[in-house]
Amino acid sequence: MKVQEHSWWIRLGRWVTGRWGRWCTLAVWLVLISLLSMAAPQVNRVEVSNAEDLPLESASIQAQKQIDAAFPDEKGIPALLVWYRDSGLTAEDRVSIQAVARSLREHPVAHQQGVVPLDQMPEQALTHLASDDGTTLVLPVSFAPGTGTDGLQQGLKDIRNTVRTALGLDPFAGDLGAPGLHARITGPAGIATDAIALFQNADVTLLVATALLVLILLMVLYRSPVLALVPLVSVCVAYGGASPLLGWLASRGWITVDAQSVSIMTVLLFGAGTDYCLFLIARFRERLYQERDVRTALVQAMGGAAGAIAVSGLTVVVSLLALLAARFGSYHRFAVPFAIGVLMMALVALTFVPALLAILGRRAFYPFIPATAEMHGRFHRHRTDPAGRLSRWNGRVVTRRPWAVGLAGVVVLGALATAAFGIRPTYNLLASFPSDMPSREGYTLLAEHASPGALAPVQVLVEPASRGQAVADRIAELPFVASVAKPEWSDETDAALVTVTLRSDPYSAEAMANLPALKQAAAEAAPTIWVGGETARQYDSQQWTQRDTRWVVGLVICVIAILLLGYLRSVVATVYLLLTVLLSFAAALGAGWLVTRHILGQDAMQGAIPLYAFVFLVALGEDYNLFMMSRIWQEASAGVSLRDAIRRGVAATSGVISSAGLILAATFAVLAGLPIQVLVQFGVTAAIGVLMDTFIVRPFLVPAITSLLGRWAFWPRRMRKRADA
């Protein structure tokens, strides 16, 4: 049967696969990448590690500005040097700690602004500052405001060297349960540097692991060493173009990129890039069973698959660009890198890949070379029907028992989706760290032996200053407050600063839930109050995330609906394709929460996961639907009955989509091997979602619904009369 082909894609296919066109296409890409690499830095050289996430109008940001103006000396980034001995700090330990304080005061480290002068305090005062059980003591050190991550890393490195020199030993090494004096650095400075170190170390690991995994899966699934290299080479070409382009945009100040964005973009390129390549390769192999001439087969493959690849890529790009509507920085910063990466990959799949396949010809599939009937004696094998037995069974079952298949799919996905209502979100950055990270170990010591709120106290600026004590007294009555320091008076303005230590982790959901009550209590005692600190920042992060989720979700749904409607020209198909992907997303979120809670043993899911998972799963999930539905559309347009069109379309696309889905899910699953909780949870949820799309939604639910709707599935698009047979 001759499939319906789009003349524009046919013309493109003829040019990029021509005798000279194929070599010109490869040369253009290589020259383009070379020029971009010479003219612009690579994206990982312009990463910003300390970009602000909260919008400037956020209450905590405005509060911090007011605090900094009224109390210039309060500016700075605190690092908490936590000292610990399991059996209790000794007099000799306290002398050593004082020696460190004296050294830091007399010989400040890089970017140091101040240090609490423990060396000038009497023995009794020092003992009083220790925890109630006498095991833990904190030496606060502050760094100059605006110090970047590189500066903080150098400063903390200098502190460790100072400690080692003063003590003559290394208290940062060894298990905390071992005898002796131990030290860990936590607080905002320690947490920030540990977070950056995690992503920096994850970059190379992620790239190597993803590349190896994709290569192995391609070898296993397609049993061709040459074919396995085609997607990997294509991804490298796409990354080679995207990296300097993003580097140029970042160097001009037009976008901001961070290590997390680059890491996930790499995974996205491998996953989505392999999908696009396999969509074309599968169609090419299918035509090679029918066409003797390689170029003719490749041009026909372009006519049949290029449109779906282009629309799929456009859907993902536009959906990712919807993140530009987000106001929270880490979401907003993802939009451009991800969109450019996928756009570059789609262009590579539509030009570079067919040119490369034209050069390789049938040799790309060695040793299992597809051949026509008359070529059977020369090559390895010939099939009259390239679809596998399982794929043909899949096509039959969805057309013979659509009600049973459709209901089963909805019940399974619906049951998993209900678990999503039990998700407990968290915005606790420390919870995403490995338990042996220094900043988390330091916090654990504070939580177990002192007040966990000491990690990052809440700061309340009171105007006028005369109401400072009244505010302090009122806040001290709150049950979730551990202590309230004596108000400090400003020399610059008529304001007082009240420092509040909470009983709970300042990054926890409990602390954020209590913040409105603290604000209300302070507002009852003074006409003007400003609340700053890490808990206030976390609270604002929660509020902006909820706002961004509402806006981005609505925008993505609208954009994808428009693109689907434009490509399929069917209102009905657009509606049920969207609904199935949304149901699949909800089921993936529920399943991801069940795995997170009951298998990974984590009490909460990072608050960013639902938004990230939605954008990726809804956009990528439509790829498989578009590829399959376009094939059904082509078969139906050729005049066969709708039942046969569905059967043939599902059978023809089942194998390649299953392979592509396995590879995409595996690339996301690589994230689960990293020691960063937010990436683990995102990787697990995304992988589950892709597998559901691949093995439930695409092969069973969508074709079953299409079969049940009959000719109405095309409405208002007109098909030939036999389409409703």
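Author: Let us begin with one residue in this predicted model: L461 belongs to strand 8, which covers residues 458-463.

Reader: Is L461 buried or exposed?

Author: The general idea is that a residue is called buried when its relative accessible area is under 20%. L461 has a relative accessibility of 0%, and therefore it counts as buried.

Reader: Which residues is L461 in contact with, once its neighbours within four places in sequence are left aside?

Author: A contact here requires heavy atoms within 4.5 Å. On that basis L461 touches Q66, I67, A70 and F71, and it also meets A495, A496, L497, T528, I529 and W530.

Reader: What share of the contacts in the protein with a separation of 6 or more comes from residues 24 or more positions apart?

Author: Such pairs account for 79% of those contacts. Turning to burial across the protein, 57% of its 725 residues are buried, while the exposed surface comes to about 29200 Å², with carbon and sulfur atoms supplying 59% of that area.

Reader: How many helices and strands does the protein have, and what does its C-alpha trace span along the principal axes?

Author: The secondary structure amounts to 22 helices and 13 strands, and the C-alpha trace spans about 95 × 50 × 45 Å along its principal axes. As for charge, there are 58 positive and 52 negative side chains, and the centres of these two sets are 23 Å apart.

How values were computed. Residues numbered from 1 in each chain as written. Predicted model: local features only at pLDDT ≥ 70, side-chain atom pairs only at ≥ 80, totals over all residues. Heavy atoms only, no water. Helix = DSSP H or I, 4+ residues; strand = E, 2+ residues; numbered from the N terminus. Buried < 20%, exposed > 50% of the residue type's maximum accessible area, 1.4 Å probe, protein only. Areas by Shrake-Rupley, 256 points an atom, 1.4 Å probe, with all protein chains shown as cover. Lys, Arg positive; Asp, Glu negative; His and termini not counted. Charge placed at Lys NZ, Arg CZ, Asp CG, Glu CD.
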